[in-house]
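Please keep the sequence and the model side by side as you read.

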Amino acid sequence: MKSSVIIFPGSNCDRDMDVALKKFGFENQMVWHNDAEIPKSDLIVLPGGFSYGDYLRCGSIAGKSRIIKSVVDFAKSGGLVLGICNGFQILTETGLLPGILQQNKYLNFICKNVFVKIKNKENKYFKNIKKEILELHIAHNEGNYFCSKDELNSIEDNEQIAVTYCDDKGNDDEYNNPNGAIKNIAGIFNKDKNILGMMPHPERMIDPFLSGEDGSLFFENLIGNV
Amino acid sequence: MNVKVIVTLKNGVLDPQGKAIQQTLNGMTFDNVSEVRQGKFFDIEVNESDENKAKSQVEEMCKKLLANLVIEDYKIL
């Protein structure tokens with residue numbers, strides 16, 4: 001299985017993602033943002049970081065970079081595209097996912113472990129994960145998911161909510177909302193569920209000694225379904 | 001042709017920075033400030049002498065890059 005991680009100026013989770021993908025069996029290649037074409041891939045990953053220094057709006061400049069056209073073509077043809085953190089912000093800025101990630105409600109940069117509840121397993125990203133709640137890591141200043149009421153209705157009707165922030169029991173209420181995201185949304189799909197954007201970093205939870213292994217469950221499942 | 005643009009958050013969209021600025025102003029001597037909305041200002045030089053053409057180009061720029069219409073409005077001055 002081939003994967004491609006795109007590197008933008010300011011990406012900083014690209015190598016962690018490379019390590020994670022390779023650990024679980026992907027043949028990963030790194031692709032520079034100014035390339036015109038993406039080499040043949042089964043999965044494209046937009047990594048976390050601060051592409052273009054978060055200038056203008058997070059992900060807005062990266063969303064117009066040269067490589068993006070082929071990412072959009074790949075996504076529209078049904079290819080799997082995963083955006084983590086800044087990658088999620090880029091996906092909303094390109095219009096591949098609805099809504100936007102705003103500044104955190106309390107203006108703080110949040111860096112901590114959180115629990116997220118899997119809301120939809122009818123897709124390649126979460127299909128065979130046995131757990132309902134995963135412990136993952138977040139590190140962001142703009143993770144406060146927002147969209148219009150109409151968009152939210154459409155997202156809910158199409159079961160596009162992927163994961164929500166919750167406690168270890170799965171309560172995804174306002175007490176377990178770190179950043180003010182509407183409906184505690186931590187990650188969403190497009191309608192066809194081939195594109196996933198999420199703020200938590202599964203690539204930071206793949207080592208039993210350093211972190212935890214709920215990220216391993218994510219990648220093990222993914223390689224099994226690609 | 002010089003075109004100036006202001007981008008602000010739409011009414012109803014939470015503006016935590018504006019809120020923090022307002023509270024700080026209230027804590028200084030400006031206790032009659034009831035709301036602050038923070039925005040962005042763009043000063044754009046377009047190599048185009050026709051004002052209408054330049055402005056319609058800038059409008060396209062606003063829609064495609066300068067503003068995110070999910071949460072922001074733009075105003076060409």
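Which residue of β3(A) is the bridge partner of V5(A)? The partner is V45(A), and we will come back to that pair when we reach the sheet.

## Before we start

This is a predicted model, in which local features need pLDDT of at least 70 and side-chain atom pairs count only at pLDDT 80 or more, while totals for chains, interfaces and linings use all residues. Residues are numbered from 1 along each chain as its sequence is written, and chains are lettered from A and ligands numbered from 1 in the order in which they are written.

## Two chains, two builds

Chain A holds 5 helices and 11 strands; helices (H or I, at least four residues) and strands (E, at least two) are DSSP runs, numbered from the N terminus. Its radius of gyration is 16 Å, close to the 17 Å that the globule rule gives for 226 residues, so chain A is as compact as a globular protein of that length. The radius is taken over C-alpha atoms, and the rule is 2.2 Å times the number of residues to the power 0.38. Along the principal axes, the C-alpha atoms of chain A fill a box of roughly 45 × 35 × 35 Å. Buried residues make up 51% of the 226 in chain A. A residue is buried if 20 or more other C-beta atoms lie within 10 Å of its own, exposed if 12 or fewer, and partly exposed in between, with C-beta atoms placed from the backbone.

Chain B has 2 helices and 3 strands, in the pattern β-α-β-α-β along the sequence. Its radius of gyration is 16 Å, well over the 11 Å that the globule rule gives for 77 residues, so chain B is more spread out than a compact globule. The C-alpha trace of chain B spans about 45 × 25 × 15 Å along its principal axes, and 12% of its 77 residues are buried.

## Where the chains meet

How many residues of chain A are in contact with chain B? There are 12, and they touch 8 residues of chain B. Two residues are in contact if their C-beta atoms, placed from the backbone, lie within 7 Å. On the chain A side, the touching residues divide into 4 nonpolar, 5 polar and 3 charged. Here Ala, Val, Leu, Ile, Met, Phe, Trp, Tyr, Cys and Pro count as nonpolar, Asp, Glu, Lys and Arg as charged, and the others, Gly among them, as polar.

## The sheet of chain A

Chain A has an open sheet of 9 strands with mixed pairing, in the order β2-β1-β3-β4-β11-β10-β9-β6-β7. Two strands pair if DSSP finds at least two bridges between them. The edges are β2 (27-32) and β7 (133-140) of chain A, each pairing on one side only. From one strand to the next, the twist averages 25°. Now back to our opening pair: strand β1 (residues 2-7) of chain A runs parallel to β3(A), joined by 3 bridges, and V5(A) has V45(A) as its bridge partner there.

Strand β11(A) is worth a visit too. β4(A) runs parallel to β11(A), with 4 bridges, and I84(A) has M198(A) as its bridge partner. Strand β10 (residues 185-189) of chain A runs antiparallel to β11(A), with 3 bridges, and G187(A) stands opposite M198(A). β10(A) and β11(A) form a hairpin with 5 residues between them, where K193(A) in the turn has a positive phi of about 65°. Both faces of β11(A) are covered, with I195(A) and G197(A) buried on one side and L196(A) and M198(A) buried on the other.

## A helix on the inside

Is helix α3 of chain A enclosed or open? In α3 (residues 86-94) of chain A, 9 of the 9 residues are buried, so the helix is largely enclosed by the rest of the structure. Among them are F88(A), I90(A) and L91(A), along with N86(A) and E93(A). The cover over the buried residues of α3(A) includes α2 (68-76), β4 (80-84) and β11 (195-198) of chain A. Just after α3(A), G95(A) takes a positive phi of about 90°.

## Two loop residues to look at

L56(A), in the loop between β3 and α2 of chain A, has a positive phi near 70° although it is a residue other than glycine. L56(A) is partly exposed, with 19 other C-beta atoms within 10 Å.

K183(A), in the loop between β9 (161-166) and β10 of chain A, is a residue other than glycine with a positive phi, near 55°. K183(A) is partly exposed, with 17 other C-beta atoms within 10 Å.

Note on methods
Axes are lines fitted to C-alpha atoms, for helices over the stretch in contact, and angles run from 0 to 180 degrees between N-to-C directions.
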